[in-house]
Every structure is written in structure tokens, then in C-alpha cells.
Amino acid sequence: MTVRQLGAPQVVLDGLYFPEGPRWHDGRLWFSDMHGHRVMTVGLDGVSRVVVDVPAAPSGLGWLPDGRLLVVSMEDRKLMRLDPDGLHEVADLSPWATFYCNDVVVDAQGRAYVGNFGFDLHGGAPPVPAALVLVLPNGAARVAADDLMFPNGTVITPDGRTMIIGESYGARLTAFDIQPDGSLTNRRVWASLQSAVPDGICLDTEGAVWMASPISGEVLRVRAGGAVTDRVTVAKQAFACMLGGPRRRHLFICTASSGDPAVAREKRDGCIEVVEVDVPGAGLP
């Protein structure tokens, strides 16, 4: 299959430390400026604002059915909720997260699935498997899936019945069936990847996954089975992506030179970039 190369994305916002966890919500792109310790929003007009400061570094974002924001607090391994009077702890994930927590997807019932590194990535520790933790709206938590090699970007299909998650150190996208109680069953490889590393992902209406691949400096559109149909190349590294905009046909891309905290704070060259695509976004987040 011939892979279609899309045009170069345009910068919407620059000067960020390290943008991650992009979500399209309420007409704006929400994201975590992770190493700047803040959650932000930006519009297609480039106007940005800070929503909340997160001292232990924010990562994945999602919303409860009542509209309140959930934020993964990475370094203290907690899931937080933004109430009118500030951030409040929903769950302490340290009993299950063996290193920093990272991405999250929140389903229509308000159940949050939170991943974690599993090991000290930037400290040079060897990779080890990690668990995906399910957090209920009341704060009760349990392991939903284990033995994942750096669980990262996660999506839920529009019918709420299937989850797809990127295993960055497994070079694959893995799928599960979602049961009525939130349990995950029928684990299977959705796509094996060759020279790409899955990081943040999003889903479109044709059931394809857009996947940021930091090492190769690109965002790929992947179909079930692993066929790549489209490619967007970026000048730095692409760490996450999200379909949004008025018709959900704007592919927002989080880029930076490095995910290493020290490098990110020194260079502060993180950007939100955007390119238009043909097929609109679907599902969650």
C-alpha cells in the first residue's frame, strides 16, 4: 500500500516546555504542558490560557459526565479532579503504578483507565511491564490489565465496547473488549508496528488510529492489522495527537525536541502544531 504524505503542519502555539495529553473539548484543545506543571487550552486562533497548575506534573486528561476535569498527576502517581475550589485527589495509584503515571482515557460513565511507565525511563532503568489501573468515579481502583510494555495513548471506540492502547516498548497497538463493569477481556494485538513507537493516539470515523511516533518524528494513520495509510512528518519529535476543530478534521500534534525533563526545561521548544485531514475524529478521548 502506498502511504500518502500529508503537508507540513502549522504551528498554533510555541514556547511550551513539553506538551502532552491533547484532548478536544468544548471548542478548544486542552493539553498538559507536562514539565511546565500546568494544564492549558488553546484555540485555532493561537490564544492560550492556563487552566490549573499541577505541582507533580500533569499528563493525561479526561472529563466526568458532570463536566469536571480529571488530571493524571504523574510524579506522585495520583488521579486528581478539578473542582471549583481547586484540585482534589480521586485515587492514589502508587500501590499499582511502579513508576510515574502517564496517559488516561475516561469513558462515558466516568471510569478512568490510567497507565504508568513501569520503570525509570529517564534514569536509564531497563524496561519492565506495567499495569493499567481502572479508577471508578468514587475513587475505588483495581488493575484492569497487566503485563503491558509502557502503556501509553489510549482510545475507546464510539460504541464504548473496545479499547485500543499503545504499548510503546512493545511496538504494538493492543485491543481489549470492555465489559459492562469496566473490566477488560479478549486481549489481542490490534496492529504490530515495524519502525514506529506508539505514543499518544486518537481514533477516526473509519476506525483507523492516528499515532504519534517520537523516535521517527512522524504521526501515522494505522488501520487494524498494521497497514499505514497516511503520514505527517514533523521537524522535531511527535509525542501525541488529537483530532479536533469544528468538524474534528484538524489533527493537532504535540511536538518537542525531547521528552527528557531537563532538556525540555532548558530548550522550552514544545509546540502545538496542526494539519487538516480528510476523515474526522471519533470516540474517546
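Modeller: Phe119 is buried at 5% relative accessibility, where buried means under 20% relative accessible area, exposed over 50% and partly exposed in between, with a 1.4 Å probe and protein chains only. This is a predicted model, in which local features need pLDDT of at least 70, side-chain atom pairs count only at pLDDT 80 or more, and totals for chains, interfaces and linings use all residues. Residues are numbered from 1 along each chain as its sequence is written, and side-chain values use heavy atoms, with hydrogens and water left out.

The structure holds 10 aromatic pairs; rings of Phe, Tyr and Trp (its six-membered ring) pair if their centres lie within 6.5 Å, and planes under 30 degrees apart count as stacked, over 60 as edge-to-face and the rest as tilted. Phe119 and Phe150 form an edge-to-face pair, because their planes stand at 70°, with ring centres 6.0 Å apart. Phe119 sits in the loop between β12 (112-116) and β13 (130-135), and Phe150, 31 residues away, in the loop between β14 (141-148) and β15 (151-156). Strands here are DSSP runs (E, at least two residues), numbered from the N terminus.

Phe150 is also buried, with a relative accessible area of 6%. The rings of Phe150 and Tyr169 have centres 5.7 Å apart and planes at 40°, so this pair is tilted. Tyr169 lies in the loop between β16 (162-167) and β17 (172-178), 19 residues from Phe150. Tyr169 is partly exposed, at 42% relative accessibility. Ring pairs join Phe119, Phe150 and Tyr169 with Phe99, Tyr100 and Phe117 in a cluster.

Definitions and conventions
Helices (H or I, at least four residues) and strands (E, at least two) are DSSP runs, numbered from the N terminus.
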